[in-house]
Amino acid sequence: MNKDGHSEKVLTLADVKTGEYGVIVRITGHGSFRHRLMEMGFVRGEKVKVIRNAPLHDPIEYEIMGGHVSLRRIEANRVEVVPVTEEVANNYLFHGTVTEETERILGKVGKTINVALVGNPNCGKTSFFNHATGMREKVGNYSGVTVDSKLGYFKFKDYTIALADLPGTYSLTEYTPEELYVRQYIMEQHPDIVLNIADASNLERNLFLTTQLIDMNVPMVMALNMYDELEKNGDKLDLDTLSELFGFPIVPTVSSKGIGIQEVMAKIVDLYENLEQHTKHIHINYGVDLEKSIDLIKEEMKEHLDLSGAYSTRYLAIEMLAGDKVISNLVGKFDDDGSVGKVADEQRAIIEKRYNEDAATIVSGAKYGFIRGALLETFTQGKDRSKQPAYSVDKLLTNRWLGFPILIFFLWFMFQMTFTLGAYPQAWLESFFGWLGDVITRVMPDGMVKDLLVDGVIAGVGGVCSFLPNILILFFFISVLEDTGYMARAAFIMDKLMHRMGLHGKSFIPYIIGFGCSVPAIMATRTLENRKDRILTIITVPFMSCSARLPVYLLLISAFFTKHQGLILTSIYLLGIIMAVVTSLIVKRVAFKNVRDQFVMELPPYRIPTFRNAVIHMWDKSVQYLKKMGSVILVATVIIWALEYFPHRGPELDRYTEQIERVGEDKTLTEAEKSTQIAQLELDRSACQIENSYIGRFGKFVAPVFRPLGFDWQMGVSLITGFAAKEIVVSSMGVLYHSDAEADENSSALQKSLQNHTWSSGPDIGKPVFTPWVAFGFMVFILLYFPCVAALTAIKREAGTGWMLFNIFYTTGVAWLAAFAIRLLSTLAVGC
Ligand code: GDP
Ligand code: MG
């Protein structure tokens with residue numbers, strides 16, 4: 001019995017026998033475990049019937065809210081209950097609100113809230129404890145000789161609060177007995193609420209402990225003590241935002257005077273009664289490398305350990321990665337073959353090698369990055385500048401006026417480098433594939449296999465390969481900017497702007513990657529914390545014109561625009577960005593009406609990037625793109641080639657062949673006349689062949705869809721082949737407009753044939769198909785319509801089939817409408 005007179009022995013669901021009933025008092029364990037149980041219906045006040053609980057039987061079967069569920073015995077041990085008789089149970093109804101009856105049943109057992117005071121030394125815990133409990137514990141600057149906690153009880157509203165004054169610690173690692181004690185207390189006693197007391201006049205240091213509590217995923221309220229000091233310094237803190245960023249209530253207090261204590265208690269009761277509804281659990285983002293390691297360790301835990309919700313696996317994984325011996329031993333007890341420890345050791349070694357730093361230091365660095373980000377957003381320094389957090393570089397880079405020009409400079413530099421440096425290897429690759437095609441043409445006998453190799457595989461894959469250098473260079477620069485920590489600052493200054501479009505500053509990075517390739521960009525959205533941000537970013541990223549579309553623009557712009565070429569290209573890119581903004585705004589309104597979420601933008605420590613790391617990160621991003629080239633694009637080019645190649649014979653084609661033979665044998669012509677005539681006939685023959693091929697027939701079938709846009713069937717077919725990969729559009733056009741015309745110094749062969757191409761039927765017969773307007777409409781269509789199959793696969797994987805389908809129809813619909821609008825404009829402007 002404790003001094004309040006009720007039993008300290010709590011009953012749990014595992015103790016209730018078959019056929020008996022219990023009413024739930026509380027669930028202990030870490031946040032996501034509690035959350036899962038609550039989703040199954042295990043909430044305070046709910047009644048449970050035990051269907052089957054045999055002594056050696058695991059899991060145990062329960063009836064709750066009319067349904068049957070089973071819990072493992074160790075899980076059931078975490079659900080505290082008050083046993084009730086069948087009669088009481090049958091009359092008892094609970095509709096999610098605590099009634100008088102609930103109160104009566106739960107009685108005293110359910111009316112005790114265990115609260116643990118956790119905070120740095122001298123932040124005012126004991127003062128708080130004394131004021132709250134009315135006890136007179138010694139207050140002042142002493143460090144406890146014995147490591148112990150004081151327990152005090154007091155009434156608040158209808159509850160008995162059991163408040164534990166724990167020793168002060170700066171951290172919750174294993175280095176001092178106090179730290180160990182506090183951590184063990186939290187992990188094993190499972191206080192209902194952890195009351196984190198932080199010294200407001202020394203926030204940065206105090207919040208470090210808070211980040212560890214966040215990792216542990218415990219239900220939390222924060223008392224921001226010494227608030228008088230903060231005000232005296234003239235500092236300003238946006239408490240609402242900070243509370244929203246952290247995901248738990250924050251109350252300002254002056255505990256030496258007892259100010260704010262009632263408010264804290266009110267929040268505690270509130271949180272206890274509606275656990276999980278008022279709070280969200282946030283994850284501190286440790287950066288790509290550490291997150292990857294944490295995930296791997298977690299995976300291994302899921303496979304090998306039966307931790308049963310006692311501890312947050314993420315927390316354990318972080319601590320093991322940081323090399324915490326105590327946690328490693330704890331996990332080791334559950335882990336019979338030691339495989340988790342092995343993975344953790346491996347990952348730690350990888351991380352330490354890569355950063356050339358102690359893993360624990362890297363983890364703390366990331367924690368401070370989180371704190372820095374949170375404070376930069378909420379804290380304004382008053383007069384005392386000596387206490388100012390010393391991030392002068394951040395002050396500059398995130399400065400309201402200088403931040404943007406600096407960002408624009410970096411982006412400009414990055415894209416400039418990508419295309420100027422990339423031009424060399426691109427040219428080498430192009431000439432290499434050209435040479436390869438020539439060699440094969442010369443050495444192989446004529447026939448289908450040769451055509452397949454030269455026109456299909458080499459032309460298709462070669463064309464795509466020549467973009468690889470640009471992609472790699474772009475990803476290299478992005479990785480360098482990320483590794484230095486600059487990207488996080490860029491996200492920070494973009495945040496306000498991105499918020500206007502319903503997005504988060506962090507979406508900025510996927511967007512930038514999207515200019516290279518949508519696939520890694522979509523993968524990069526994983527760093528966004530909430531689903532709304534992720535989905536909005538994923539479905540709008542394809543509007544960032546990927547580098548694969550660039551060759552189409554370059555082709556058309558140089559063929560049809562002699563002036564303002566740069567301006568036109570820029571306007572295409574801008575239009576993509578505008579469409580992304582508009583789409584995001586619309587989808588947010590429709591699909592995510594009431595989601596409002598703010599997250600801390602971590603400002604990780606600045607690091608000098610190493611070449612090795614940048615290459616590793618570049619590689620991570622490129623792998624997806626390379627896979628796409630090796631599989632999808634190869635298969636697609638072969639399929640498209642086959643659709644163009646077959647049927648390969650037919651009466652009309654045979655007629656051309658005969659004619660060619662006849663010309664060859666004609667004695668009245670000179671050799672020169674012969675070869676021009678034959679060349680012309682061969683050209684006509686292949687045009688006729690394509691027109692009658694499967695893809696030609698299909699193109700003509702869908703031509704009416706494209707006709708209102710001023711596109712002919714060849715354009716339609718080229719667009720459709722872009723489904724495989726946008727790079728293919730240009731090679732399809734090359735085939736469909738049989739670009740064997742002579743190139744001159746001003747334009748390539750393909751450009752020439754586009755310029756000379758005329759309508760062969762319909763009202764415009766004889767008029768050129770491509771006008772600058774049509775070319776522009778076509779570019780806009782290319783920009784906006786459905787993403788390639790690789791990007792769609794990525795969307796499906798990250799957001800689900802529904803969003804993928806939405807994306808296909810939405811983007812294509814928008815593309816059609818936009819191109820149609822351009823067509824209308826052109827009719828008005830030119831009158832044709
Ligand atoms: P603990 O080490 O966390 O238990 O902190 P104490 O409660 O022993 O307080 C340390 C010192 O800070 C004492 O001198 C308190 O009087 C003082 N103190 C506590 N809370 C406040 C506060 O809100 N404002 C100010 N100005 N001083 C406080
Ligand atoms: Mg104390």
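Visitor: Which way do S1 and S2 run, and how many bridges join them?
Guide: S1 and S2 run antiparallel, and three bridges join them. Keep in mind that this is a predicted model.

Visitor: Which residue is the bridge partner of Tyr21 in S2?
Guide: Tyr21 is partnered with Lys49 there. Lys49 also stands opposite Glu63 in S3.

Visitor: OK, and how many bridges join S2 to S3?
Guide: Four, between strand S2 (residues 47-52) and strand S3 (residues 60-64), and the two run antiparallel. Arg52 stands opposite Glu61 in S3.

Visitor: What is the strand order in that sheet?
Guide: The order is S4-S3-S2-S1-S5, an open sheet of five strands with antiparallel pairing. At the edges are strand S4 (67-71) and strand S5 (79-84), each pairing on one side only. From one strand to the next, the twist averages 40°.

Visitor: Which helix lies across S1, S4 and S5?
Guide: That's helix H1 (residues 31-39), running at about 145° to strand S1 (21-27).

Visitor: What about the loop between S3 and S4, which residue is found there?
Guide: Met65 is found in that loop. Met65 has a positive phi of about 50°, although it isn't a glycine.

Visitor: And why flag that?
Guide: Because most residues other than glycine have a negative phi.

Visitor: Switching to peptide bonds: which two residues does a cis one join?
Guide: Phe646 and Pro647, with omega at about -10°. Pro647 lies in the loop between helix H26 (611-645) and helix H27 (651-665). As background, most peptide bonds are trans.

Visitor: Let's do the ligand. How many residues surround ligand 1, and which are the closest?
Guide: There are 17 residues around ligand 1, and the closest are Asn122, Lys125, Thr126, Ser127 and Asp228. By class, the shell has five nonpolar, nine polar and three charged residues.

Visitor: Which helices each supply at least two residues of the shell?
Guide: Helix H5 (125-133) and helix H8 (227-232) do. The largest share comes from H5, with three residues.

Visitor: How much of ligand 1's accessible area does the protein cover?
Guide: The protein covers 80% of the 580 Å² that ligand 1 has on its own.

Visitor: Back to sheets. What is the order in the one with six strands?
Guide: S7-S8-S6-S9-S10-S12, again an open sheet, but here the pairing is mixed.

Visitor: Why is one side of S7 and of S12 left without a neighbour in the sheet?
Guide: Strand S7 (150-156) and strand S12 (250-252) stand at the edges with a single partner strand each, so one side of each has no neighbour in the sheet. On average, neighbouring strands of this sheet are turned by 25° against each other, direction ignored.

Visitor: S10 and S12, then: parallel or antiparallel?
Guide: Parallel, with three bridges joining strand S10 (residues 220-225) to S12. One pair to look at is Leu224, whose bridge partner in S12 is Pro252.

Visitor: Which helix lies across those two strands, S10 and S12?
Guide: Helix H9 (residues 239-246) does, running at about 150° to S12.

Visitor: Last topic: where is Ile406 found?
Guide: Ile406 is found in helix H17 (residues 403-443).

Visitor: What is Ile406 in contact with, leaving aside neighbours within four places in sequence?
Guide: Ile406 is in contact with Leu396, Leu397 and Tyr486.

Visitor: What separation do the C-alpha atoms of Ile406 and Arg183 have?
Guide: Those C-alpha atoms are separated by 44 Å, and the two residues are 223 residues apart along the chain.

Key. Residues are numbered from 1 along each chain as its sequence is written. Chains are lettered from A and ligands numbered from 1 in the order in which they are written. This is a predicted model: local features need pLDDT of at least 70, side-chain atom pairs count only at pLDDT 80 or more; totals for chains, interfaces and linings use all residues. Side-chain values use heavy atoms; hydrogens and water are left out. A residue is near a molecule or strand if one of its heavy atoms lies within 4 Å of it. Accessible areas come from the Shrake-Rupley method with a 1.4 Å probe; for residues, only the protein chains shown count as cover. Ala, Val, Leu, Ile, Met, Phe, Trp, Tyr, Cys and Pro count as nonpolar, Asp, Glu, Lys and Arg as charged, and the others, Gly among them, as polar. Two strands pair if DSSP finds at least two bridges between them. Axes are lines fitted to C-alpha atoms, for helices over the stretch in contact, and angles run from 0 to 180 degrees between N-to-C directions. Contact means heavy atoms within 4.5 Å.
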